[in-house]
Amino acid sequence: MIHIQLKQGKEQSLERKHPWIFSGAIQKMDGKPEEGDVVEVTDALGSFLAVGHYQIGTITVRILSFEPTTIDLTFYINRIKEAFELRRKLGLVDNPLTNAYRLIHGEGDRLPGLVIDMYNGTAVVQMHSVGMYADRALIEEALRQVMKDQLKAIYNKSEGTLPYKAGLEPHNAYVWGEPGPMIAIENGLKFAPDWERGQKTGFFVDQRENRALIERYSKERKVLNMFCYTGGFSMYAMRGGALLVHSVDSSERAIELTKDNIRANFGDDPRHEAFAEDAFKFMQNAKEDYDLVILDPPAFAKHYNVLGNALKGYRRLNTKALEMIKPGGILFTFSCSQVVSKEIFRTMVFSSAAKAGRRVSILHQLSQPADHPIDIYHPEGEYLKGLVLHVL
Ligand code: SAH
């Protein structure tokens, strides 16, 4: 195994169990690792620190273990078992009302570079690092051994998530088992997660609990669900007794999926309408006096260098929503950008409120659910943040 020696002082973040090594921290390597290789990391004096996956890029090593460990089938079985047991504790396994959940959440489950979502027995696997992709056969075997008859099929969906430059050319495909119909349930609501053609793994399981909260606020409200994708929030608002629900997304395909999901749960209910339109344009021309608005935009900033522009986008969006919402209305506003911290997000909402000239109070501070755990040593893992606001 190739050794990577860190510069003096650069071992500190590893001693605090942070799982990334940046390229600038490296003193030397005793060979030339291939991308995806498991390497051993030492401090400047040569003492063992950790083992991890090597990759060319800003994050050069993603740590798999802080103990001397062989990265083999047993390693993956142990990690996946631990993650599966956690989901069982959370009541997500064998739950007749919810069969869509995140089984592996990268660093949060001590498997950086790996995401696995479960949809009614189908595991949709996304590899974000070359090392995880290189280990895919081990990961698939470990999944089968740990999940046994809970697992019906494995779909590898890493085409869009691996670094292009690594030249891996992965193809999205079923790699094991027989998938059932693409139907899953979340809190008793049916939806069709299209993992073959949809965004991410097919559905945003991270909003499950926040959607349930919407249901409590929806009774007799006029609801606007911006950036609806497959209409997750809209379904809960409908069940919660909303007077009307308008779902907006710029993608035609998303609007089709939203309509299908609404129909599967509520038939042709005239309370719901869906619009394939740009969010900013829609809000500019909106005629309805909405009193519950949801803003769940895509990550406007994926890197720190575009944070400034992204914040402008978030501010414009939130200002517009705060200007248009009926007095006494409720705004659910989110950001899923990892680089937008809770504090930055709140400051952005603060300046939007000031600009809109509304009285605003915070009712709830939202985050991601427990099947998206945040490793305490890796605060970057807290990517989803939301505020529920009372707007007077
Ligand atoms: N709220 C959704 C997830 C939102 S994902 C859920 O609960 O599942 C973000 C969505 O924003 C995507 O579906 C994308 O098509 C849409 N989108 C991106 N830019 C947009 C724009 N300018 N106007 C409207 N929708 C947009």
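Reader: Starting with the ligand: how far is its oxygen atom from an N or O atom in the side chain of Asp 249?

Author: That distance is 2.6 Å. Bear in mind that this is a predicted model.

Reader: OK. And which ligand atom pairs up with the side chain of Asp 296?

Author: A nitrogen atom, 2.7 Å from an N or O atom of that side chain.

Reader: How much of the ligand does the protein bury?

Author: 87% of the 580 Å² that the ligand exposes when taken alone.

Reader: What's the shell around the ligand made of?

Author: It splits into 7 nonpolar, 3 polar and 5 charged residues. Of those 15 residues, the nearest are Arg 211, Asp 249, Asp 278, Ala 279 and Asp 296.

Reader: Switching to His 246, where is that?

Author: In strand S15, which covers residues 244-249.

Reader: Buried or exposed, and why?

Author: His 246 counts as buried, because its relative accessibility is 8% and the cut-off is under 20%.

Reader: Which side chain does the His 246 side chain make a polar contact with?

Author: Tyr 290, at 2.6 Å. Beyond its sequence neighbours within four places, His 246 is also in contact with others, including Val 223, Leu 224, Glu 273 and Phe 275.

Reader: Last one, helix H6: how many of its residues are buried?

Author: 7 of 8, in a helix running over residues 232-239. Phe 233, Met 235 and Tyr 236 are among them. After H6 comes Gly 241, with a positive phi near 95°.

Methods. Residues are numbered from 1 along each chain as its sequence is written. This is a predicted model: local features need pLDDT of at least 70, side-chain atom pairs count only at pLDDT 80 or more; totals for chains, interfaces and linings use all residues. Side-chain values use heavy atoms; hydrogens and water are left out. Buried means under 20% relative accessible area, exposed over 50%, partly exposed in between (1.4 Å probe, protein chains only). Helices (H or I, at least four residues) and strands (E, at least two) are DSSP runs, numbered from the N terminus. A residue is near a molecule or strand if one of its heavy atoms lies within 4 Å of it. A polar contact is a pair of N or O atoms within 3.5 Å; within protein, one must be able to donate a hydrogen and the other to accept it, and residues adjacent in sequence count only if both atoms are side-chain atoms. Accessible areas come from the Shrake-Rupley method with a 1.4 Å probe; for residues, only the protein chains shown count as cover. Ala, Val, Leu, Ile, Met, Phe, Trp, Tyr, Cys and Pro count as nonpolar, Asp, Glu, Lys and Arg as charged, and the others, Gly among them, as polar. Contact means heavy atoms within 4.5 Å.
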